[in-house]
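Here are some notes for a first look at this entry. Please read them with the sequence and the model side by side.

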Amino acid sequence: MTAAALIAILLGMVLLLIRTLLGPTLYDRVLAVNSFGTKTVLALGLLGFVMGRPEFLDIAILYALINFVSTIAILKFFRYRSFQVPLTGRTGTGGQGGKRNV
Amino acid sequence: MSDPVQADIGLALVNILLLGILFVVALSIARIRSLFAIVMLSGVYSLVSAVWYVVVDAVDVAFTEAAVGAGMSTVVLLGAMLLTSRTVKPDKKFARLGPALVVIATGIMLIYASVDLPALGDPTSPVNTGVGLTYLQVNWADTGIPNVVTSVLGSYRGYDTLGETSVVFIAGLAVALLLGFGERSLADSIRKGDRLPTPRESEPAKDEDDAS
């Protein structure tokens, strides 16, 4: 059962890879890579159970953290064309709470 | 998956799928012209290879690959993209024939050499008979850590690992201080009266394939 789920997730990874390759716009690719990272986390979790060692879940959690941070970094890069801008505290950035000045 | 033969077939299938994905990603990194797509695909490559490292039981390598490959290097490559153009220059049709021949020859030699390697987990291989066997025997009684690699890195060579980590941390810190990343250069640019980079509302980010 877990093995079938693992194979299904790997096939999902293939589909997301196709979207990353074709992706007409940039955001398609960012979204595809982010989902790919999520699939990786799920695959690692299942892999631990398939191989009889569920302690691999720790690694899956680490991957989830890295995936989140790097997606935020990529999106920040494409909004500001720079990494040196603080994410909070700027007015007029389109964010909901950007009231304070730098 | 109680049947071991069935489990073996399942793992082989997982291996084939993962390595196939790696192959396709590597091939398309070599073919695609848009640098942004290449950065994204290199992130995908790191993630998949990290999963594959877990499958072949190299958990510590998988940790490093995930942190450095998928996390850091994507961000570093995006930073490098700021300083250059967004697409690869198209090159002549047969300009890369020589490098391709070198790569293919190296690959054939590596495959030829890999025939002599002992099988994965072979108990009679040199790695598993000398010092490795001693570590396998005394590890559990000494440290109580199930993963032998972790126990060697964190316990037997704990001070060594601590020193390495400190050296890498200090090196990274020194580079960051020399280049002046972050708050200081931001404060400098504000003092000089430069405009901060503004969000590009009017100009939606297009993919580089058509923005060139």
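1. In this predicted model, helix α3 of chain A (residues 57–80) packs on helix α2 of chain B (residues 35–55). The angle between them is about 175°, and their axes lie 13 Å apart. Angles over 145 degrees count as roughly antiparallel, and α3(A) and α2(B) are therefore roughly antiparallel to each other.

2. Which residues make the contact? From α3(A) come Ile59(A), Tyr63(A), Ile74(A) and Phe78(A). From α2(B) come Phe36(B), Met40(B), Leu47(B), Ala50(B), Val51(B) and Val54(B). By class, this contact of α3(A) with α2(B) has 10 nonpolar residues, with no polar and no charged ones.

3. For chain A, an unreviewed UniProt entry gives "transmembrane region" at residues 32–52 and 59–78. In the model, residues 32–52 of chain A are 90% helix and 0% strand, with 30 Å between the end C-alpha atoms. Residues 59–78 of chain A are 100% helix and 0% strand, and their end C-alpha atoms are 29 Å apart.

4. For chain B, UniProt (unreviewed entry) places the feature "transmembrane region" at residues 12–30, 35–55, 61–82, 94–115 and 165–182. One of these, residues 35–55 of chain B, is 100% helix and 0% strand, and its end C-alpha atoms are 30 Å apart. Over residues 94–115 of chain B, the chain is 82% helix and 0% strand, with the end C-alpha atoms 32 Å apart.

Methods
Residues numbered from 1 in each chain as written. Chains lettered and ligands numbered in written order. Predicted model: local features only at pLDDT ≥ 70, side-chain atom pairs only at ≥ 80, totals over all residues. Heavy atoms only, no water. UniProt positions renumbered as here; feature names shortened; annotations may be inferred. Helix = DSSP H or I, 4+ residues; strand = E, 2+ residues; numbered from the N terminus. Axes fitted to C-alpha atoms, helices over the stretch in contact; angles between N-to-C directions. Parallel < 35°, antiparallel > 145°, perpendicular 65-115°, else oblique. Contact = heavy atoms within 4.5 Å. Nonpolar A, V, L, I, M, F, W, Y, C, P; charged D, E, K, R; others polar.
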